[in-house]
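Here is a short briefing on one protein model. Look at the structure first, then work through the points by topic.

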Amino acid sequence: MLKKIFRKKASPREPSTVPSVDVVRYCGTWYEIASFAPKEERGCIKTKAEYTLNKEGYVDIRNSCQRKGREKSIRAKAYSVPESGNAKLKIQFFRFFKGDYWVVDLADDYSWAVVSTPTSRSLWILSRTPYMGETVYDEIIGRLRDRGFDTARLVKTNQRG
């Protein structure tokens with residue numbers, strides 16, 4: 001009988017986050033510039049996220065895109081992980097499903113942000129405008145590559161339609 005040896009995959013190094021995020025400044029509209037193309041977004045164009053601070057201190061989220069000429073959207077809420085400086089959030093979809101949202105890079109003026117998860121399996125480059133200059137994009141890619149992210153997996157998002 002042949003024995004198969006299964007090796008446990010080395011877990012990716014947990015990414016570091018920015019020291020802190022001003023939630024009020026972070027709220028607003030963010031356009032997806034590139035991502036690791038999650039299956040939920042396949043076939044999507046004009047992908048964006050809108051963040052609004054609600055009265056209870058949570059952030060209401062509306063993610064949307066266009067697929068086959070129709071707008072698709074999903075709502076969620078986010079709350080800060082204690083002692084993370086608001087750089088780590090828990091996102092809750094449909095009352096039961098939760099995910100991690102870690103801000104791993106952020107422009108001083110909040111014009112762009114990079115978000116990942118603790119496993120580094122997901123990555124999004126976001127901008128306040130639907131388009132990002134190539135110089136800024138290349139600088140972000142360089143920093144991500146230096147930090148061990150597999151930037152070859154990034155797929156640019158079609159914001160033109």
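A search of this whole predicted structure turns up 1 cavity of 30 Å³ or more. The largest cavity has a volume of about 70 Å³. The largest pocket has a volume of about 820 Å³.

**Cavity and pocket**

- The lining of the largest cavity includes Val-21, Val-23, Tyr-26 and Tyr-51. Val-59, Ala-78, Asn-86, Leu-89 and Val-103 also line the largest cavity.
- The largest pocket is lined by 30 residues. Of these, Pro-38, Glu-41, Asn-63, Phe-93 and Trp-124 are the closest to its centre.
- Which strand gives the most to the lining of the largest pocket? Strand S3 does, with 5 residues.
- At least two lining residues of the largest pocket come from each of S1, S2, strand S3 (59–67), strand S4 (70–80), strand S5 (88–93), S6 and S8.

**Aromatic rings**

- A pair of aromatic rings is described by two things: the distance of the centres and the angle of the planes.
- The structure holds 5 aromatic pairs. In one of them, Tyr-26 and Tyr-51 are tilted, at 5.7 Å centre to centre and with 55° between the planes.
- Tyr-26 belongs to helix H1 (residues 23–26) and Tyr-51 to strand S2 (residues 45–53), so this pair ties together parts that are 25 residues apart in sequence.
- Tyr-26 also pairs with Tyr-101: the ring centres are 6.4 Å apart and the planes stand at 90°, so the pair is edge-to-face. This pair links distant parts of the chain, with Tyr-26 in helix H1 and Tyr-101 in strand S6 (residues 97–106), 75 residues apart.
- Is Tyr-26 buried or exposed? Tyr-26 counts as buried because its relative accessibility is 5%, and buried means under 20%.
- Tyr-101 counts as buried too, at 9% relative accessibility. Tyr-51 is also buried.
- One aromatic cluster is formed by Tyr-26, Trp-30, Tyr-51 and Tyr-101.

**Charges over rings**

- The charged end of Lys-77 sits over the ring of Tyr-58, 4.8 Å from the ring centre.
- The charged end of Arg-153 sits over the ring of Phe-36, 3.9 Å from the ring centre.

**Helix H2**

- Helix H2 (residues 134–146) has 13 residues, so at 1.5 Å a residue the helix should span 18 Å. The end C-alpha atoms of H2 are 18 Å apart, which agrees.
- Which residues of H2 are buried? They are Tyr-137, Ile-140, Ile-141, Gly-142 and Leu-144.
- An α-helix has 3.6 residues a turn, so residues three or four places apart point the same way. Check this on the model as you look along the helix.
- The buried residues of H2 pack against strand S1 (28–35), strand S7 (112–116), strand S8 (123–127) and strand S9 (155–156).
- After H2 comes Gly-148, with a positive phi near 95°.

- Most residues other than glycine have a negative phi.
- Lys-68 has a positive phi, near 55°, and is a residue other than glycine. Lys-68 lies in the loop between S3 and S4. At 82% relative accessibility, Lys-68 counts as exposed.
- Tyr-110 is not a glycine, yet its phi is positive, about 60°. Tyr-110 is found in the loop between S6 and S7. Its relative accessibility is 9%, so Tyr-110 counts as buried.

Key
Residues are numbered from 1 along each chain as its sequence is written. This is a predicted model: local features need pLDDT of at least 70, side-chain atom pairs count only at pLDDT 80 or more; totals for chains, interfaces and linings use all residues. Side-chain values use heavy atoms; hydrogens and water are left out. Rings of Phe, Tyr and Trp (its six-membered ring) pair if their centres lie within 6.5 Å; planes under 30 degrees apart count as stacked, over 60 as edge-to-face and the rest as tilted. Helices (H or I, at least four residues) and strands (E, at least two) are DSSP runs, numbered from the N terminus. Buried means under 20% relative accessible area, exposed over 50%, partly exposed in between (1.4 Å probe, protein chains only). A charge sits over a ring if NZ of Lys or CZ of Arg is within 6 Å of the ring centre and within 35 degrees of the ring normal. The expected span of a helix is 1.5 Å times one less than its number of residues. Contact means heavy atoms within 4.5 Å. On a 1 Å grid over the protein atoms alone, a cavity is a set of points where a 1.4 Å probe fits but cannot get out, and a pocket is an open set with protein on both sides within 12 Å along at least five of seven lines; lining residues have an atom within 4 Å of a point. Grid points are joined across faces, edges and corners, and a volume is the space filled by probe spheres set on the points.
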